[in-house]
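Student: I've got this one open in the viewer and would like to go through the side-chain packing with you. Can we start with the nonpolar parts and then move on to charges and rings?

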Amino acid sequence: MTTSPADRQHAAQAEAETAKSGSISIRNFDFFYSGHQALFDISMEIPPRQVSALIGPSGCGKSTLLRNINRMNDLIDGISHRGDIQIDGRTIYDPHLEVTSLRKRVGMVFQKSNPFPKSIYENVVYGLRVSGVNDRSTLDRACEEALRSSALWDEVKDRLQQSALGLSGGQQQRLCIARTIAIRPEIVLMDEPCSALDPIATGKIEELIMQLKKDFTVVIVTHNMQQAARCSDRTAFFYLGKLIEFDATVKIFTTPGQKQTEDYITGRFG
Amino acid sequence: MATKLDKPLRVAGEPWVWCTAMGLTLGMVMVVLLLGLIAWNGLSVFWPKRVDLVTLRAGSQAGIGGSRTLAGELVKRQERTAPTERGTYEIQLFVGNRDAYDFSFKYLDEADIESRATPPELMVIERMEGGDAIGTPVRLMVKGESDLAADAGAFLSRLRAQVEVAQARRAAILRVEKHEIGAINRDLEDANRALRNPSADRVRIDGEVAKLQQRYAELADQARQLRAAQADDQLILRLATGEERRIALGQIVDYAWPNQLSTWQRITASFHAGWNFLSENPREANTEGGIFPAIFGTFVMTLLMSVAVVPFGVVAAIYLREYAKQGTWVRMVRIAVNNLAGVPSIVFGVFGLGFFVYVVGGSIDSLFYPEYGSTPVFGTGGVLWASATMALMTVPVVIVATEEAIAAVPRGAREGSLACGASKWQTIRSIILPASAPGILTGLILAMARGAGEVAPLMLVGVVKLAPTLPVDSLWKATDVVPFVHLDQKFMHLGFHIYDLGFQSPDSEAAKPMVFATTLFLIVLVLVLNLGAILIRERLRRRYALGAF
């Protein structure tokens, strides 16, 4: 195996980041759905323990990119990619890496809340159970911790054994966040987590996102630019499968470097 | 003007809505009529009908043995196929007394009839042999007592008491002959098989055999005495023809004076008759008595079939839908599975006989039952092979339904599980299978409906006209009380029972009501099994309802 200076430099950088684990680095990433190219040469370094928002008009590839970070796109037939995505300096396409262990490190919250038809408790500990954890006290502790972290504990602590489907939409979405963080991932991916919620529930989730960045790297796809401005540290603007700009949120929303970005955030198109 | 009106009508498709509604209505009406016909005919069997005493005109040749009077239940009134100048209507009477008349039904021209009456003293007696007897009771002859005339005050209570004694004796005979002697027969068979083993302790076994044979002789003697006692008491019945017949009380199953019954008594009597029909064994080549063994056999066979068909169907569907690479090959397999559902059932019967009975059963016999010699145990039709054949026949239904159910599980549920780090198998086991359980049960309901009603293949793999014992009992070894399923045993089936009654019995006219009643209970049984599955499905639906995805 030959190591170029660039590789060595990258390795050193990766090592530095491992201490603050949860960094994602995307390198010249192209992605195809059965021959149709959806992402073009994406390169970005997503810093750990921060909220990064991906914005852009529908069909610009932001969700596709997000779903590649935990390889959720593997479910689709006929996909292919070029380039690489690394988490803490290690490629996620390593053939020795189990995709299930990748997903335990990279959790995901979906657009529509999708609690399982089980009790609230079983929903939260599902990830632990499938990892083979069955010790009751460990599960109890993880459940309480995850529900507290997702600001749901006080609302559901008396009905943990009831069906999760009885919760309201916002509670269900927070339950899905609790389910995701119960397995202590490094990264939490969120695919438009508030698009099906009312403003109050959205506000709660946004608050939660701000809290989560203390412990997790959060990558959030959103159509709501105020949301990106409110709760993200860095924002990436995508257009037609290309990354136009990725910078500090304040800079993107005040002095964007690209004309297209400015047009989009000021509402001139998209 | 017309075109203006026509166009919106055509566009709205109203005529097509009417057509579809009419098609549905037609179908519903036909189903309701069919079920109504079966239910009416099936239930009216149990209703105690009045007995008419018919007096014929002088000179009529229609009487039995020259007699001018006939007694019987009116079966139907119909137009003659070839009307004569004397009238166009004829009636059919069930005259009973097959032992005396050699027939049970009699057609009479209405023109021949002088009068019809329903005298209260006419009695209908259901007997063990010879069908119903209809006539007027004359006297009761109890052994060791003086004769008791029918108009004596004590007649009724004596008759009831002595019939009860006879019925208790009949139960005792059954116990001795079937259960106790049956157990000895099994022990004797075991001993005989043990003797074939060259290293057996001959002296000890011979001793046991001698003891068993002695016990057998004692029991047989006991049974003989009991049987003889059944003819001790007799009832003299005068038939409408004037002839007097003796009926041993041991022959009487039930008796009634149908012309004296009030409506309420008729209702209780029909429930009683219905219950007897459900709970008793058939008699007289299945044309009399109950259908309990057939109900039980159908039930056991259908349950065993369900136990076999669900795991196979679900496993196959999971592989097809989740693991197999979707392509031409899988598409071909799917087409083949669907076509399998269309293969005529008799073909499955032949396959079941050739594969399950001869190959699998034959191998089991030669491996595990060599001491039975040429007597097959599993190498002949039985409830296990019938269930397996039925499972094979209905497995495509379960596969298709399960595949549909798996495909209908929302993507969100699957992705949510995978995003938690669950493997594919964990996702299938804890998310997809529970969510598709209602769909799987729908498949099972369809499979049961088809399996329970099928007859042709069963005739080849284990159904018999009359099975002496049930396929499940607690009498494996007299002392045992655990239910034991005799998987190798032949069994009775309602569908086959209908065929046998309606088309194989010597007197199909007499069996017709039984055919209707049996059909009714076959439908009810399928309905009950399906309702059970539907209830389970509703519970699962409530439990695993996947919310709004």
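Student: Which residues touch the most other members of the largest nonpolar core?
Tutor: In this predicted model, the largest nonpolar core has 59 residues, and those that touch the most other members are F277(B), M301(B), L458(B), F491(B) and L494(B).

Student: And which elements give two or more residues to this core?
Tutor: They are α7 (292-323), α8, α9 (345-368), α10, α12 (424-453), α13 (456-461), α14 (494-504) and α15 (508-544) of chain B, and of these α15(B) gives the most, with 12 residues.

Student: What does F491(B) touch, leaving out residues up to four places away in sequence?
Tutor: Its contacts include M301(B) and L458(B), together with G297(B), V383(B), A386(B), V463(B) and P471(B). M301(B) and L458(B) are also named, like F491(B), among the residues that touch the most other core members.

Student: Which residues does the second, separate core include?
Tutor: That core has 44 residues, and V125(A), C194(A), I209(A) and A228(A) are among them.

Student: OK, switching to charges. How many salt bridges over all chains?
Tutor: The structure holds 40 of them. One joins R334(B) to E403(B), with the closest N and O atoms 2.8 Å apart, and this pair links distant parts of the chain, since R334(B) sits in helix α8 (residues 328-340) and E403(B) in helix α10 (residues 383-407) of chain B, 69 residues apart.

Student: Is E403(B) buried or exposed?
Tutor: E403(B) is buried, its relative accessible area being 4%.

Student: What about R450(B) and E454(B), how far apart are they, N to O?
Tutor: Their side chains meet in a salt bridge at 3.8 Å, N to O; R450(B) is partly exposed at 25% relative accessible area, whereas E454(B), at 14%, counts as buried.

Student: Why does E454(B) count as buried?
Tutor: The cut-off for buried is under 20% relative accessible area, so E454(B) at 14% falls within that class.

Student: Which residues are linked in a network of salt bridges?
Tutor: D99(B), R127(B), E243(B) and R245(B) are linked in such a network. Within this group, R245(B) and E243(B) form a salt bridge whose closest N and O atoms are 3.0 Å apart, and both partners count as partly exposed, R245(B) at 25% relative accessibility and E243(B) at 33%.

Student: Now the rings. How many aromatic pairs does a search of the whole structure find?
Tutor: The search finds 18 aromatic pairs over all chains. In one of them, the rings of F29(A) and Y93(A) have centres 6.4 Å apart and planes at 15°, so the pair is stacked.

Student: Where do F29(A) and Y93(A) lie?
Tutor: F29(A) is in strand β1 (residues 24-33) of chain A and Y93(A) in the loop between β5 (90-91) and α3 (99-105), so the pair ties together parts that are 64 residues apart in sequence. F29(A) is buried at 0% relative accessible area, and F29(A), F31(A), Y33(A) and Y93(A) form one aromatic cluster.

Student: And how many degrees between the planes of F496(B) and Y499(B)?
Tutor: The planes are 45° apart, with 5.9 Å centre to centre, and the pair is tilted. Both residues lie in helix α14 of chain B, three residues apart, about one turn of the helix; F496(B) counts as buried at 12% relative accessibility, while Y499(B), at 34%, counts as partly exposed.

Student: Last one: which residue lies over the face of F246(A)?
Tutor: That is R234(A), at 4.7 Å from the ring centre, and K242(A) likewise lies over the face of F40(A), at 4.6 Å from the ring centre.

Definitions and conventions: Residues numbered from 1 in each chain as written. Chains lettered and ligands numbered in written order. Predicted model: local features only at pLDDT ≥ 70, side-chain atom pairs only at ≥ 80, totals over all residues. Heavy atoms only, no water. Salt bridge = Lys/Arg side-chain N within 4 Å of Asp/Glu carboxyl O. Buried < 20%, exposed > 50% of the residue type's maximum accessible area, 1.4 Å probe, protein only. Helix = DSSP H or I, 4+ residues; strand = E, 2+ residues; numbered from the N terminus. Core = buried A, V, L, I, M, F, W, Y, C linked by side-chain atoms within 4.5 Å. Contact = heavy atoms within 4.5 Å. Phe/Tyr/Trp six-rings, centres within 6.5 Å; stacked < 30°, edge-to-face > 60°. Lys NZ or Arg CZ within 6 Å of the ring centre and 35° of its normal.
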